[in-house]
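Please keep the structure in view while going through the numbered points.

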Amino acid sequence: MFSRRITIPLLAGLLATLIFGGGVLIYRGVVAQQNQRHLQELSDHTLRRAELAVDLVVMTVANLLMTAETECGQHTVNSLRKAAFHVGTIKDIHLVLPGKHCSGFVDLVPTQPAVLASGRAYPTSNTEITLSRLDDGEMSGLAVTWQFQRDRRFVAVLDLDSLIFDVLP
C-alpha cells in the first residue's frame, strides 16, 4: 500500500488538475458564448446598415425620377453623377433605355447593360424595385433596380465594401 506521504499529494494533484481542467472548460465555454453573441451583434448591425443603404438608394432614385430627365443627355449624366457622389454607398447610377445606356461614372467604371440585367433578382415590397448581386469581374456590388416604365429603369450599384468598416472591430 501507498504511504500517506505519497497518497495525499497524489490526490491533491489529481484534484487540482480536475479543478484546473474544469475551470478551463468553463472559461472556454464562456468565451465561446461571448464571441458568438458578439458576432451575432455585428452581423445584425451590418444587416441594418445594408438595409439603410438600400433605403437611401431608393430615396435617391425616387428623387431622380422627380427631378432628372429620363433621356441620356448631358443633364441626365450630371444628375446621375451628382446623386451617386452625394451618397457614399453608391458606386454609380445607370439609366437603361431601349438601345441606350448612360451613367454618372461610365468613364471610370464601365459596365455593360447586360451585366446590369444579369443575376437573380430578389423582389421587394415595391414590385417596381428589385435587388440583385452584380459582378462583372471588375466591379461587384448590390444592384438596386427601379423599373419606372416598361422599358426604362434606373440601376444603382451599391458599394458593399463600405460596410466592412462596421465589421472590422
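How many of the eight residues of strand 1 are buried? The first point gives the terms needed for an answer.

1. Basis of the note. This is a predicted model, in which local features need pLDDT of at least 70 and side-chain atom pairs count only at pLDDT 80 or more, whereas totals for chains, interfaces and linings use all residues. Residues are numbered from 1 along each chain as its sequence is written, and side-chain values use heavy atoms, with hydrogens and water left out.

2. Strand 1 and its cover. Seven of the eight residues of strand 1 are buried, and the strand is mostly covered. Here "buried" means under 20% relative accessible area, "exposed" means over 50%, and "partly exposed" lies in between (1.4 Å probe, protein chains only). Across the protein chain, 31% of the 169 residues count as buried.

3. Overall order. The protein chain contains four helices and six strands. These are DSSP runs numbered from the N terminus: helices are H or I with at least four residues, and strands are E with at least two. From the N terminus on, the elements run α-α-β-β-α-β-β-β-β-α.

4. Partners of strand 1. Two strands are said to pair if DSSP finds at least two bridges between them. Strand 1 (residues 90-97) runs antiparallel to strand 2 (residues 100-103), with four bridges joining them. The two strands form a hairpin with two residues between them, and G99 in the turn has a positive phi of about 75°. Strand 1 also pairs with strand 6 in the antiparallel sense, over six bridges. V96 illustrates both pairings: its bridge partner in strand 2 is H101, while in strand 6 it stands opposite R153.

5. The nonpolar core. In soluble globular proteins, nonpolar side chains tend to be buried together. A nonpolar core is defined here as a set of buried Ala, Val, Leu, Ile, Met, Phe, Trp, Tyr and Cys residues joined through side-chain atoms within 4.5 Å. The largest such core has 26 residues, of which I93 and F154 touch the most other members. Two or more residues come from each of helix 1, helix 2, strand 1, strand 4 (129-135), strand 5 (140-149) and strand 6. Helix 1 gives the most, with five residues.

6. The disulfide. Which cysteines does the disulfide join? C72 is joined to C102, with an S to S distance of 2.4 Å; the rule requires a pair of cysteine sulfur atoms within 2.5 Å, and the count comes to one. C72 lies in the loop between helix 1 and helix 2 (74-86) and C102 in strand 2, so the pair ties together parts that are 30 residues apart in sequence. The torsion about the S-S bond is about -80°, and the disulfide is therefore left-handed. C72 is partly exposed at 24% relative accessible area, whereas C102 is buried at 6%.

7. The salt bridge. One salt bridge is counted, the rule being a side-chain nitrogen of Lys or Arg within 4 Å of a carboxyl oxygen of Asp or Glu. R152 forms this salt bridge with E71, and the closest N and O atoms are 3.1 Å apart. The pair links distant parts of the chain, 81 residues apart: R152 is in strand 6 (residues 152-158), and E71 is in the loop between helix 1 and helix 2. R152 counts as buried, at 17% relative accessibility, while E71 is partly exposed, at 37%.
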